[in-house]
Each structure stands twice: as C-alpha cells, then as structure tokens.
Amino acid sequence: MRVKKLPKILALHLKRFKYMEHLHRYTKLSYRVVFPLELRLFNTSDDACNPHRLYDLVAVVVHCGSGPNRGHYISIVKSHDFWLLFDDDLVEKIEPQTFEEFYGLTIGGHKSSDSGYILFYESKT
Amino acid sequence: MPLGRVGAASETLQNGVDSNAAFSLMAASVKPNASHDVKNRFATKEGTYTLMNLSEYCRPNRLPYTVQHPFPVRISFVTLKEKDCSTDRIAFNVGKELYVYVYKGVKKAADLNKHLDKRGYKGTFPTCHDFNLPTRSVEFLELIIGFSAGQIQLIDPIGHELNKLYNEERQVDKASVKCIKWIPGSENLFLAAYDSGNMYVYNKENPASPDSPTFSLLKQGPGFQIFGNKTKTLGNPVCKWTIGKGSINEFAFSPDCKHLAVVSQDGYLRIFDFDGQSLNGIMRSYFGGLLCVCWSPDGKYVVTGGEDDLITVFSFYENRVIARGVGHQSWVGMVRFDPYLTSVSGGGTLDDSDDEGTEQDIRNSTYSERHSTVDMDRPNASYRFGSVGQDTMLLLWDLTEDVLKPIKPRTRSLRTQSSHLGNNVPNGPSKEVNHIRNYITTHNLSSSVEQLLDLDDKSFGSVICPVFDDVPQLEPLVAKKISMERLCGLEFREDCLIVACQEGYISTWARPGKATSPGTVV
C-alpha cells in the first residue's frame with residue numbers, strides 16, 4: 001500500500017486482536033509496538049504532493065486489559081507541549097519517557113497489558 | 001468498554017493498517033512463538049559466525065530478568081595484562097543488578113558461579129558503566145556506574161574497597177543517567193549524560209558540594225550551552241553542558257579523543273570539539289530520536305541508529321549524510337564499528353599493527369593509521385559495522401568506496417561558506433589535500449552550522465537531513481534474528497562479537513575459524 005495524499009491528521013489503528021480458530025473467539029494481541037514522537041512515512045507514492053510531511057504524535061488511545069471483550073480505555077493527549085493522561089475523571093501530567101509502559105509486552109503477548117491502540121499524528125506543516 | 005467494539009467500528013482503518021507492512025510502527029512486535037527462526041549461526045562473505053552456548057554470560061541462576069523496565073542492558077569490557085597473557089573482564093547491568101565476571105572468550109566456558117562482583121540496588125537501576133583504563137590492574141579496577149535516579153557510583157569490583165558516590169542527594173540532576181564514560185587519557189575525569197539533556201564532567205577526586213551546585217555560563221552556541229561550577233574550591237561537577245531539547249541518549253569520543261559525538265532525543269547528532277567547546281558538525285535523523293552513535297576507527301565517519309529504524313552514515317570531514325542503512329524493522333539500540341574488519345588504507349586492517357588487542361592499543365593504532373592516510377582516494381578503504389535493535393536482529397553492514405567517494409555538495413551556499421571557514425581540519429592534512437578539502441569540508445563551522453540550525457524544521461532536504469532518495473541506501477550484508485528478546489548491546493572483539501539482550505543474556509559469537517568444538521571447551 002502506498003499513500004498518495006498525506007493527511008493533516010494521520011490516525012493509525014494497531015491491530016491488537018486476532019480471531020483464534022482453536023478458541024473460536026478473538027484474543028487481544030499485547031505485542032510490543034513502539035511508536036516514536038515523530039514520524040515520516042516511507043510508503044508514499046511517487047506522485048504524492050507532500051510525501052515528506054513530518055508528523056508529531058499528538059494523542060494515543062490506550063487499551064488496558066487482557067481481552068478484546070473487557071478492559072478499560074485511557075488516552076494520552078499532548079496539550080501545549082505537555083502530555084496529559086486522561087483516565088475517566090482523573091487527569092495527570094506525564095513525561096514522554098513513560099510511554100514505554102504503553103508499547104505492549106515483549107513476552108507473553110496474550111497477557112493483560114496497557115497498550116497503545118490508536119495513534120494520532122499531526123503534520124507539522 | 002470492549003476492545004473489539006472499537007475494532008469493528010473502524011474496520012476500514014484496521015484493514016488499512018493491517019495490510020500495510022511498510023509502516024515501521026507495525027513491524028516492531030516480537031512474536032513469542034517464533035523460536036525456530038532464531039539463528040545460532042550465520043554466514044557472511046568472510047565465513048560463518050557461530051553462537052558459543054558455553055560462553056553465555058547472565059545472572060548466576062540463568063533466569064531471565066522479566067520485570068518490565070525501560071533500561072537497556074549495557075556491557076563494558078576491560079583487558080588486563082597478566083604476566084605474559086592478557087585477560088578480559090566484563091561488566092553488565094540487568095534490571096536492578098550489576099555483575100562483573102572474568103570474560104573467558106570463545107575458548108573457555110563462562111563460570112557464572114564465580115562472579116568478581118555482584119550488586120543489587122533498591123529504588124534505582126544501574127543504567128550504564130565504564131572501566132577506567134589508565135588505572136586498571138589485575139588487583140584494582142575502577143568502574144564508574146550511572147543510575148536511573150541520577151546518582152553515580154565508583155567501585156572497585158576486584159578489591160571491593162572503593163565506594164564513592166556522586167550526586168548522591170540528586171542535587172545536581174534527578175534525571176536518569178543515559179551514558180557515562182571516562183574522558184580518554186584522563187585518570188580522574190568522567191563525563192555523564194542525562195535524560196534531562198544535560199551532561200556533566202566530574203573529577204573523581206573532588207568532594208561533593210554540600211549544597212546544590214551553582215553554575216555560570218562559560219560559552220554558548222547553536223543548541224548548546226556550557227557552564228562552569230561557581231564553587232571557589234574544587235567542586236563537583238566541574239562543568240555542565242546543556243545540549244538540544246530532551247534526553248542525551250549516547251555520546252562517543254572520537255578515536256583521536258578530540259571530538260565528542262552526542263546523539264539526542266531531539267533527533268540531532270552534534271559533534272563538538274570537546275576542549276575547544278565548539279560545535280563542529282551536525283546531522284538530523286530522518287525522524288524521531290537518535291539512540292546510538294559510533295565513530296569509525298579512523299575518525300572520518302560517524303554512524304547513528306534511531307527511532308526512524310535507520311542507520312545514518314555521516315561524513316565528519318564533509319559534514320554531510322553520505323548514506324542511510326535500511327534493514328531494521330524497529331528502533332536501533334546500538335551501532336558499533338568492527339575495527340578488525342575495517343581497512344582504512346591500502347588493504348591493511350587496523351589490528352595488523354596490534355597484537356595486544358587492548359583498548360588503548362587499538363586507539364593508538366587507529367590514531368597512527370589516521371595520520372598515515374590523509375589521501376582522498378584510497379582504493380581499498382572499507383568499513384564494517386554492526387547494529388542491533390528492538391526487532392531482535394543483528395545486522396552487519398559494509399561501507400565501501402561506492403558510497404565513500406566524496407561528491408560535490410548539493411547545497412551551493414553551504415559550500416561557499418565552508419570554503420573560507422573550513423580550513424581548520426584536525427591533525428593538519430598535507431597541503432596537497434587541503435585544496436580538495438577546502439570545498440568539501442565544513443570544519444570548525446559553528447557559524448554555518450548555526451545557519452543550518454536556524455532553519456530548524458526546514459533543515460529537511462539539506463545536507464544535514466537529506467530527502468530519502470537523495471542519498472545512497474545501504475543494504476545489510478546479513479540480517480539475522482538471533483534472539484527472542486530485543487537487543488541493546490553490541491561489541492566487536494578480536495575473535496568474536498558479543499550481543500546483549502534486554503533479559504540479561506550476553507551471548508558470544510565466534511568469528512569464522514575461531515569456534516572451538518564443544519569437546520575442547522575446558
């Protein structure tokens with residue numbers, strides 16, 4: 001797949017669930033997926049009008065829990081150069097160094113995790 | 001709220017990302033059931049590298065360190081001269097623990113019950129360390145250790161007498177130490193870089209200031225400031241550098257010890273004249289933070305790895321990106337030149353003049369090599385380097401003349417600037433090459449660097465961050481999945497290469513012809 005028109009807001013949805021034939025149900029995939037604070041796309045088409053757009057990460061939806069049918073959502077949002085974590089009515093300021101907690105698990109990929117699920121990148125230009 | 005509901009509601013987005021393997025984000029996952037893919041040998045043009053199972057170093061109980069934490073396992077080596085032979089010591093951190101062993105190489109099995117030192121810490125993680133080379137002996141070693149809460153400790157892992165602490169009360173910096181190294185040639189000075197974007201020079205003999213240190217600005221330039229300690233007496237830290245925006249991830253001294261390459265979370269590689277305190281080179285990642293850096297043994301090139309999943313090869317003399325290495329599928333944790341397979345002049349390799357194989361000897365030999373090879377058209381120049389990353393893969397790269405040949409810079413304005421600023425090349429090249437350098441180098445170019453930096457985001461497309469298709473792309477010589485866990489450490493030794501993974505296993509791969517069969521292991 002190649003991107004021809006690069007959007008102002010790039011939303012990336014990580015496929016964190018899979019239908020397991022032997023279980024006859026969906027399971028959550030908690031595999032580690034790192035996401036940078038800054039992103040350029042490699043897979044742009046030759047005739048894309050602005051193929052080198054530089055994106056900043058501005059928000060992440062995080063799913064907490066062990067399966068696709070239960071759990072909890074929290075979100076991390078960048079606001080005025082600060083990162084805020086929204087957990088229902090709790091809001092706290094966090095440092096980007098702690099995003100490591102939301103990359104997922106390297107071992108036991110089917111266990112419970114707080115893992116980044118939808119990433120929102122905004123073009124700098 | 002169930003996860004599946006959102007997934008079903010955004011089916012199109014999901015499919016779009018799913019089928020898109022080219023997104024680097026997507027390829028970073030570590031699949032747990034792929035153990036059959038993990039290699040224990042791989043072939044290169046020089047022969048087959050073999051995993052030496054008995055030369056694996058880890059915690060004495062051999063259990064993996066499975067508590068999740070973000071601090072990479074780092075390895076430090078030191079070679080000691082003992083009677084007629086030389087032996088190695090290895091230090092590594094894993095989680096809240098630090099181990100020091102005799103490193104027995106490829107020929108003898110590791111004895112994990114006989115550690116020289118083992119330390120466990122509470123509330124803080126060891127993150128990086130370095131052996132003091134000038135003061136080393138068989139009876140006494142100085143290992144400097146940086147910690148996640150900012151403290152620094154100096155220990156002797158052999159005699160166990162020495163125990164000094166710096167920034168103990170965290171009054172200097174509360175951030176995590178990211179990289180710590182003795183300043184080459186000095187017995188007393190070490191440099192510690194922090195997650196805060198600061199780095200500090202300490203003198204191991206100076207007492208800690210009782211209060212928070214106060215600093216006065218000594219010098220500043222584009223993207224950096226240098227401060228001195230205002231304490232009248234001998235204070236620690238001696239001085240402070242503030243560099244870029246965000247964490248300093250790694251730094252490396254050039255082989256001639258004059259220059260310091262620093263990579264930061266803001267995506268910049270900055271090369272400083274360390275004593276002259278000036279900015280001499282700059283490069284920008286394709287995107288994201290730069291995580292690791294290494295100098296070529298002759299000091300001409302600097303390679304970096306980062307969150308763009310790329311290797312970037314930077315020519316220090318020409319001050320431009322000359323190639324990008326494409327092959328990693330996730331962030332690149334460490335990149336190192338292989339001095340034993342790098343030939344900087346007429347076919348000679350760096351270890352030809354070096355039978356001892358100790359760190360200082362290599363440093364000296366590369367230094368002399370460098371002086372003997374100032375010509376621009378070395379037909380056989382070839383550099384080997386390796387990289388490891390979160391994709392659990394080891395990649396080996398060859399940098400050969402097809403990308404090394406200098407081209408005239410694309411940016412005419414930069415060339416014009418450099419022609420009158422760029423004469424001050426370190427080590428004074430001979431006159432006949434000076435006129436070539438005049439239009440291809442941009443040395444001591446703080447002012448032109450400043451202009452490049454002022455462009456900030458517009459630096460994209462310039463020599464410091466070229467458009468992707470505008471520089472040659474390197475392909476790895478080999479790319480092998482060699483671990484179940486993400487890789488964070490890499491070291492080349494004379495007869496082997498050593499790789500560290502996040503769970504705390506340090507594996508030894510014998511070079512071609514250096515593997516001993518299991519029966520002969522003592």
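In strand S24 of chain B, B:Arg324 is the bridge partner of B:Thr312, strands being DSSP runs of E with at least two residues, numbered from the N terminus. The structure is a predicted model, in which local features need pLDDT of at least 70 and side-chain atom pairs count only at pLDDT 80 or more, while totals for chains, interfaces and linings use all residues. Residues are numbered from 1 along each chain as its sequence is written, and chains are lettered from A and ligands numbered from 1 in the order in which they are written.

**The five-strand sheet of chain B**

- S24(B) belongs to an open sheet of five strands in chain B, with the order S21-S22-S23-S24-S28 and mixed pairing, where two strands pair if DSSP finds at least two bridges between them.
- The edges of this sheet are strand S21 (290-295) and strand S28 (473-474) of chain B, each of which pairs on one side only.
- Strand S23 (residues 310-315) and strand S24 (residues 320-326) of chain B are joined by six bridges in the antiparallel sense, and B:Phe314 stands opposite B:Val321 in S24(B).
- These two strands, S23(B) and S24(B), form a hairpin with four residues between them, and B:Asn319 in the turn has a positive phi of about 55°.
- S24(B) pairs with S28(B) in the parallel sense over two bridges, with B:Gly325 opposite B:Leu474 in S28(B).
- S24(B) is mostly covered, since five of its seven residues are buried, a residue being buried if 20 or more other C-beta atoms lie within 10 Å of its own, exposed if 12 or fewer, and partly exposed in between, with C-beta atoms placed from the backbone.

**The four-strand sheet of chain B**

- A four-strand open sheet in chain B has the order S7-S8-S9-S10, with antiparallel pairing.
- Strand S7 (126-131) and strand S10 (163-166) of chain B stand at its edges with a single partner strand each, so one side of each is left without a neighbour in the sheet.
- From one strand to the next the twist averages 20°, where axes are lines fitted to C-alpha atoms and angles run from 0 to 180 degrees between N-to-C directions.
- Strand S8 (residues 143-147) and strand S9 (residues 152-155) of chain B pair in the antiparallel sense over four bridges, and the bridge partner of B:Leu143 in S9(B) is B:Ile155.

- Strand S25 (residues 332-337) of chain B is mostly covered, with six of its six residues buried.
- S25(B) runs antiparallel to strand S26 (residues 382-389) of chain B, to which five bridges join it, and B:Phe337 stands opposite B:Phe385 in S26(B).

**Chain A**

- Chain A has zero helices and nine strands, and 36% of its 125 residues count as buried.
- The C-alpha atoms of chain A fill a box of roughly 45 × 40 × 25 Å, taken along the principal axes.
- Of the contacts in chain A with a separation of 6 or more, 59% come from residues 24 or more positions apart, a contact meaning that the C-beta atoms, placed from the backbone, lie within 7 Å.

Note on methods. Contact = placed C-beta atoms within 7 Å.
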